[in-house]
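Colleague: Thanks for making time today. Could you walk me through a few spots in this model?

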Amino acid sequence: MPDAFSIILDEIAEDVYKRLGKRSNASVKLIPFNPTILGYVKANDYTIYLNSIPFGLVKNDPIKSREYLYVVLLHEYLHLVGIADEREVRKITTEITAQKFGKTSYAYSLAEKLTDPIDLHLMNKGIRPSIYM
């Protein structure tokens, strides 16, 4: 039986494929590291390293934990499919999250906090900010 990480990662893979036409193999490893970093990926590695410290704050809430995992794993998955630009990844994460969960969700609130304020302002006015890289 697949674990929660695999289920959410499969869902993300489908959502990204529908949006961008790209896929990547990926796995998740839960480890503690600097709590100001939610997750990261390494070059030439298809593992998403998820920080167990901030995840521990939401893991007992089924809705928040699922939406938290979706946002953080989506962000890192977008890097794995080849988007290096951090601002672009944050914009796409916010857009996909808004479409999937709605703008009143915990997921959107988290994605919004991670998005560059100027990009968010433009997006809220219906303007798609340029790619910076």
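This is a predicted model: local features need pLDDT of at least 70, side-chain atom pairs count only at pLDDT 80 or more; totals for chains, interfaces and linings use all residues.

Colleague: Which backbone oxygen does the side chain of Asn51 reach?

Modeller: Asn51 lies in strand β3, which covers residues 47-51. Its contacts beyond four places in sequence include Pro35, Ile37 and Leu38. At 2.8 Å from the Asn51 side chain is the backbone oxygen of Ile37.

Colleague: Is Asn51 buried or exposed?

Modeller: Buried means under 20% relative accessible area. Because Asn51 has 0% relative accessibility, the class is buried.

Colleague: Which element gives the most residues to the largest nonpolar core?

Modeller: That core has 29 residues, and Ile12, Tyr68, Tyr77 and Leu78 touch the most other members. Two or more residues come from each of α1 (4-20), β3, α3 (62-80), α4 (86-101) and α5 (106-114). With 10 residues, the top contributor is α3.

Colleague: What does Leu78 touch, not counting residues up to four places away in sequence?

Modeller: Leu78 is one of the core residues that touch the most other members. With those sequence neighbours set aside, the residues Leu78 touches are Val16, Leu20, Ile83, Val89, Ile92 and Thr93.

Colleague: At what angle do α3 and α5 pack?

Modeller: Two packed helices are described by an angle and a distance between their axes. The crossing of α3 and α5 is right-handed. Their axes are 8 Å apart, and the angle is about 40 degrees.

Colleague: How many residues of the contact of α3 with α5 are charged?

Modeller: On the α3 side are Lys64, Glu67, Tyr68 and Val71, facing Tyr106, Ala107, Leu110, Ala111 and Leu114 of α5. Seven of these residues are nonpolar and none is polar, while the number charged is two.

Methods. Residues are numbered from 1 along each chain as its sequence is written. Side-chain values use heavy atoms; hydrogens and water are left out. Helices (H or I, at least four residues) and strands (E, at least two) are DSSP runs, numbered from the N terminus. Buried means under 20% relative accessible area, exposed over 50%, partly exposed in between (1.4 Å probe, protein chains only). A polar contact is a pair of N or O atoms within 3.5 Å; within protein, one must be able to donate a hydrogen and the other to accept it, and residues adjacent in sequence count only if both atoms are side-chain atoms. Contact means heavy atoms within 4.5 Å. A nonpolar core is a set of buried Ala, Val, Leu, Ile, Met, Phe, Trp, Tyr and Cys residues joined through side-chain atoms within 4.5 Å. Axes are lines fitted to C-alpha atoms, for helices over the stretch in contact, and angles run from 0 to 180 degrees between N-to-C directions. A crossing is left-handed if the near helix is turned anticlockwise from the far one by less than a right angle, and right-handed if clockwise. Ala, Val, Leu, Ile, Met, Phe, Trp, Tyr, Cys and Pro count as nonpolar, Asp, Glu, Lys and Arg as charged, and the others, Gly among them, as polar.
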